[in-house]
Amino acid sequence: MHKFIIAIFMAAPLAALPGVGTAKGCLKGAAVGGVVGHVAGHHAVAGAAAGCIIEHHREKVRDKTAARQQSAQQGAAGGAGTAATPPRQ
């Protein structure tokens, strides 16, 4: 019974993984997390799940930062050429 309860607690987070399985960075994070989890006490599955979540979060942060930088560059390039100064008299 004890093993069954542990199996359920381990399977619950894995049930959410198919939704983020195709997420950017998940495969790389899962591979690294699985290796680290295996080395750190034979917890490869838990390490893979945590690695997937962590790497997916990092990719989202990178995408947001890249989008901010791109919009800032477009705003600077578009605003500089359209502003006309009135002639002095």
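**Reading the model**

Analyst: Let us begin with a single pair. In this predicted model, Arg58 forms a salt bridge with Glu55, and their closest N and O atoms are 4.0 Å apart. Both residues belong to helix 4, where they are three residues apart, about one turn of the helix.

User: Is Arg58 buried, partly exposed or exposed?

Analyst: The class follows from relative accessible area: under 20% is buried, over 50% is exposed, and values in between are partly exposed. Arg58 has a relative accessibility of 46%, so it counts as partly exposed. Glu55, by contrast, is buried, because its relative accessible area is 8%.

User: Which other residues form salt bridges with Glu55?

Analyst: Arg62 does, with its closest N and O atoms 3.5 Å from those of Glu55. Arg62 is partly exposed, at 42% relative accessibility. Salt bridges with shared partners join Lys28, Glu55, Arg58, Glu59 and Arg62 into one network. Lys28 is a further partner of Glu55: their side chains meet in a salt bridge with an N to O distance of 3.5 Å. Lys28 lies in helix 3 (residues 26–39) and Glu55 in helix 4, so this pair ties together parts that are 27 residues apart in sequence.

User: How many salt bridges does the structure hold?

Analyst: The structure holds four salt bridges.

User: Where is Glu59, and is it buried or exposed?

Analyst: Glu59 is placed in helix 4, which spans residues 44–82. Its relative accessibility is 12%; therefore Glu59 counts as buried. Leaving aside residues up to four places away in sequence, Glu59 touches Lys24 and Gly25.

User: How should I read a disulfide, and how many does a search of the whole structure find?

Analyst: The general idea is that a disulfide is a covalent bond between the sulfur atoms of two cysteines. Here, a search of the whole structure finds one. Cys26 and Cys52 form it, with their sulfur atoms 1.8 Å apart. The pair links distant parts of the chain, as Cys26 is in helix 3 and Cys52 is in helix 4, 26 residues apart. Both cysteines, Cys26 and Cys52, are buried.

User: Why is the disulfide of Cys26 and Cys52 assigned its handedness?

Analyst: One reads the torsion about the S-S bond. For Cys26 and Cys52 this torsion is about -95°, so the disulfide is left-handed.

User: Which backbone feature of His42 deserves attention?

Analyst: His42 has a positive phi of about 60°, although it is not a glycine. The residue lies in the loop between helix 3 and helix 4. His42 is exposed, because its relative accessible area is 64%.

User: To finish, what is the pattern of the protein along the sequence, and how many helices and strands are there?

Analyst: The protein has four helices and zero strands, and its pattern along the sequence reads α-α-α-α. Among contacts between residues at least 6 apart in sequence, 44% join residues at least 24 apart.

Methods: Residues numbered from 1 in each chain as written. Predicted model: local features only at pLDDT ≥ 70, side-chain atom pairs only at ≥ 80, totals over all residues. Heavy atoms only, no water. Helix = DSSP H or I, 4+ residues; strand = E, 2+ residues; numbered from the N terminus. Contact = heavy atoms within 4.5 Å. Buried < 20%, exposed > 50% of the residue type's maximum accessible area, 1.4 Å probe, protein only. Disulfide = S-S within 2.5 Å.
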